[in-house]
Amino acid sequence: MDAILRHTDLRIPVLWLLGSDVTEQEIVNRRLAAEGYRPEYAYPLGVRALAERDYAKAGELFAEAAERRPGQAGALAAYSMCRAGLRKRAAAVKGADKLAPGLRCWRN
């Protein structure tokens with residue numbers, strides 16, 4: 001996923017790699033319009049923000065999702081925050097330790 005984000009403008013493969021797709025994103029849009037924001041939308045919206053290369057927004061959304069499930073969401077929050085230049089925040093995210101060491105922007 002890192003190579004796709006760094007070397008292409010592709011969005012759909014990012015969605016797929018993170019367990020989302022265009023259909024899920026459309027469903028989230030409809031639910032947002034009908035119900036407003038809910039915490040369970042943080043992960044799919046984070047995926048969307050990451051696919052759009054909005055790293056700071058993705059980091060915030062994944063950090064929110066990591067409060068409920070820190071594994072993948074925490075690693076993605078840390079990755080996104082690193083890409084946004086938010087080193088201290090990246091290291092402090094719940095589940096940041098799940099990010100591969102080679103992608104970390106902080107020292108252990």
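**Exercise 1.** At roughly what angle do the axes of helix α5 (residues 55-66) and helix α6 (residues 70-83) cross?

*Solution.* The model is predicted, with local features requiring pLDDT of at least 70 and side-chain atom pairs pLDDT 80 or more, while totals for chains, interfaces and linings use all residues. Residues are numbered from 1 along each chain, and side-chain values use heavy atoms, without hydrogens and water.

Step 1. Helices are DSSP runs of H or I with at least four residues. Axes are lines fitted to C-alpha atoms over the stretch in contact, and angles between N-to-C directions run from 0 to 180 degrees.

Step 2. The two axes cross at roughly 155 degrees and come within 7 Å. Therefore α5 is roughly antiparallel to α6, a term for angles over 145 degrees.

Step 3. Contact (heavy atoms within 4.5 Å) involves, among others, Tyr55, Phe62 and Ala66 of α5 and Pro70, Leu76 and Arg83 of α6. The contact residues comprise eleven nonpolar, three polar and two charged.

**Exercise 2.** Which residues touch the most other members of the largest nonpolar core?

*Solution.* Step 1. Such a core joins buried Ala, Val, Leu, Ile, Met, Phe, Trp, Tyr and Cys residues through side-chain atoms within 4.5 Å; buried means under 20% relative accessible area with a 1.4 Å probe, protein chains only.

Step 2. Among the 34 residues of this core, those residues are Leu18, Tyr43, Leu50, Phe62, Ala90 and Trp106.

Step 3. Helix α6 supplies the largest share, eight residues.

Step 4. Beyond its neighbours within four places in sequence, Phe62 is in contact with residues including Tyr43, Leu50, Leu76 and Ser80.

Notes: Helices (H or I, at least four residues) and strands (E, at least two) are DSSP runs, numbered from the N terminus. Angles under 35 degrees count as roughly parallel, over 145 as roughly antiparallel, 65 to 115 as roughly perpendicular and the rest as oblique. Ala, Val, Leu, Ile, Met, Phe, Trp, Tyr, Cys and Pro count as nonpolar, Asp, Glu, Lys and Arg as charged, and the others, Gly among them, as polar. Buried means under 20% relative accessible area, exposed over 50%, partly exposed in between (1.4 Å probe, protein chains only).
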